[in-house]
Structures are given as C-alpha cells and as structure tokens.
Amino acid sequence: MNQEDTNVIDQPEVLKPRMVTIEIAGKKVEVPEGITVIKAMWYAGQEVVRGVGCLGGFCGACATYYRTKDDPKVRTCLACQTAVQDGMSFTMMPPFPARKATYEIQTLQDPKQDLFNLYPEAPLCRNCNACTEACPQKIDVREGVWKAVFGDFKSVSEMFMDCVMCGMCTPVCIADIAPNLVALYVSRAQGAHFSEKPAGLDTRIKEIQDGRFNDEWNKILKMNDKELAEHCATVK
C-alpha cells in the first residue's frame with residue numbers, strides 16, 4: 001500500500017456523509033445522517049424563510065409529529081432540536097383552530113376578573129391532565145390553568161416562560177380550553193399591570209419617541225449582510 005492509499009482524508013467514506021432514508025409528509029427522501037429535522041426539510045427542498053423562528057427550540061413554529069422505525073409511537077418534537085434517524089417519518093403539525101379573545105391589555109380595569117369574561121371556559125377544567133401530557137416543553141399546564149383561575153398570574157407567567165405556542169394542549173382539552181392562549185393573556189396582564197417596571201424604561205421609551213436613535217437606526221438599515229455582521233461583532 002503506497003502513501004496515496006493511506007491518505008484517509010481522500011477516502012470516499014470521509015468525503016461523502018452517510019445518507020439515511022426518512023419520510024417527510026409521506027414522501028421518502030435521502031438526507032445526511034445527523035442533521036436536524038428542519039435542516040432535513042431544507043435539504044429536501046423546503047423553502048428557507050429568513051427571520052422566521054428562532055431555531056433554538058423556543059419558537060414553536062416548526063414543531064412536528066414524528067416516529068421512528070424502531071418505535072412506532074407518535075411523538076412531538078421541535079424540528080430545530082431533533083436529529084434525523086434512518087427510517088424516521090415526520091410531518092408538520094397543522095394549526096388547530098382555537099378561539100383567541102380580543103382585548104386591549106393596557107385598558108383592562110380588572111385583569112384577573114376579566115379572565116372570566118375573555119376565557120369563561122378556563123374554570124371548567126376537568127383535571128384530566130391531558131394538556132400536561134401533550135406539552136412537549138414539559139410544562140404543568142393543568143396547574144397553570146388553575147393558578148390563572150385563582151389569580152396567581154405571577155406564577156403562571158413564570159411557568160409558561162418556555163411555552164412555544166405549539167397548541168398541542170388545545171385539541172386534547174375536553175373542556176375546550178386553549179391553555180396556551182389563557183397563559184398568554186395572563187403573562188401579558190402580569191407584565192402590563194402587576195410587574196414593577198424596570199428603572200429607566202420610561203426614559204428610554206421617550207428617547208426613542210423623540211428620535212434620539214434615528215440616525216443610528218437608519219445607518220443600520222442601509223448596511224449589507226457583511227457590514228451588519230461586522231457591526232454586531234463590535235456591539236457590547
């Protein structure tokens with residue numbers, strides 16, 4: 001064996017990634033092993049939309065149903081966090097229709113009582129715990145609904161900090177509650193009416209309204225991708 005034959009870097013198995021066969025929405029495709037579900041969809045031709053989703057596990061926009069060939073049980077995942085496996089089958093979760101109350105959070109006079117006007121189904125929870133079982137973020141959803149009903153808005157806002165708004169808790173609720181929307185209302189009310197405002201917030205808002213940062217903002221808007229990346233690297 002000569003020196004050229006022992007050059008591992010030039011071997012085909014090193015230069016070409018191992019491919020696995022997966023199924024996306026019923027269509028079989030081959031993708032490189034180890035990439036994430038969302039990257040597999042891009043690899044298979046799914047359109048890449050910049051600025052949509054965080055790709056860090058907390059946006060909820062790309063949650064999927066999936067199962068593997070060794071485990072037929074249907075599970076949910078965050079497509080940016082789960083690596084593909086050979087034989088995996090997955091599809092995007094369709095949006096589930098849920099009634100979202102309309103309100104102006106700043107004008108509410110009694111947010112804790114208004115909960116029952118906006119989401120009158122909230123106190124009808126049957127304690128079945130299906131919502132908690134369905135939550136991919138392992139939030140105790142049932143407990144959060146009851147805390148909201150009893151006015152503990154602070155606890156609810158903290159419990160649902162990791163909620164990705166995937167809506168998996170809604171279709172399993174036998175009382176027709178949309179727990180994620182209830183928690184969203186509660187968190188907004190907590191921030192607007194019951195949380196102490198950060199020192200200097202009003203001052204900074206007034207500075208923005210007065211146009212103090214307009215020149216800097218306009219300069220940033222005119223930057224190309226390279227200039228923006230270099231600028232961001234210098235910001236402390």
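Predicted model: local features only at pLDDT ≥ 70, side-chain atom pairs only at ≥ 80, totals over all residues.
Student: Taking buried as under 20% relative accessible area, exposed as over 50% and partly exposed as in between (1.4 Å probe, protein chains only), where does Asp152 fall?

Tutor: Asp152 is partly exposed, with a relative accessible area of 29%. Residues are numbered from 1 along each chain as its sequence is written, and side-chain values use heavy atoms, leaving out hydrogens and water.

Student: Which residue forms a salt bridge with Asp152?

Tutor: Lys147, with the closest N and O atoms 3.8 Å apart; a salt bridge here is a side-chain nitrogen of Lys or Arg within 4 Å of a carboxyl oxygen of Asp or Glu. Lys147 is partly exposed too, at 24%, and Asp152 is at 29%. Shared partners join Glu143, Lys147 and Asp152 into one network.

Student: How many salt bridges does the structure hold?

Tutor: There are 9, including Glu207 with Arg212 at 2.7 Å between the closest N and O atoms. Arg212 is exposed, at 57% relative accessibility.

Student: New topic: how do S1 and S2 pair?

Tutor: Strands S1 (residues 19-24) and S2 (residues 27-32) are antiparallel over 6 bridges. Strands are DSSP runs of E, at least two residues, numbered from the N terminus, and a pair needs at least two bridges. They form a hairpin with 2 residues between them, and Ala25 in the turn has a positive phi of about 50°.

Student: Which side chain does Glu23 meet in a salt bridge?

Tutor: Lys28, at 3.9 Å, N to O. Glu23 is partly exposed at 22%, whereas Lys28 is exposed at 61%.

Notes: Helix = DSSP H or I, 4+ residues; strand = E, 2+ residues; numbered from the N terminus.
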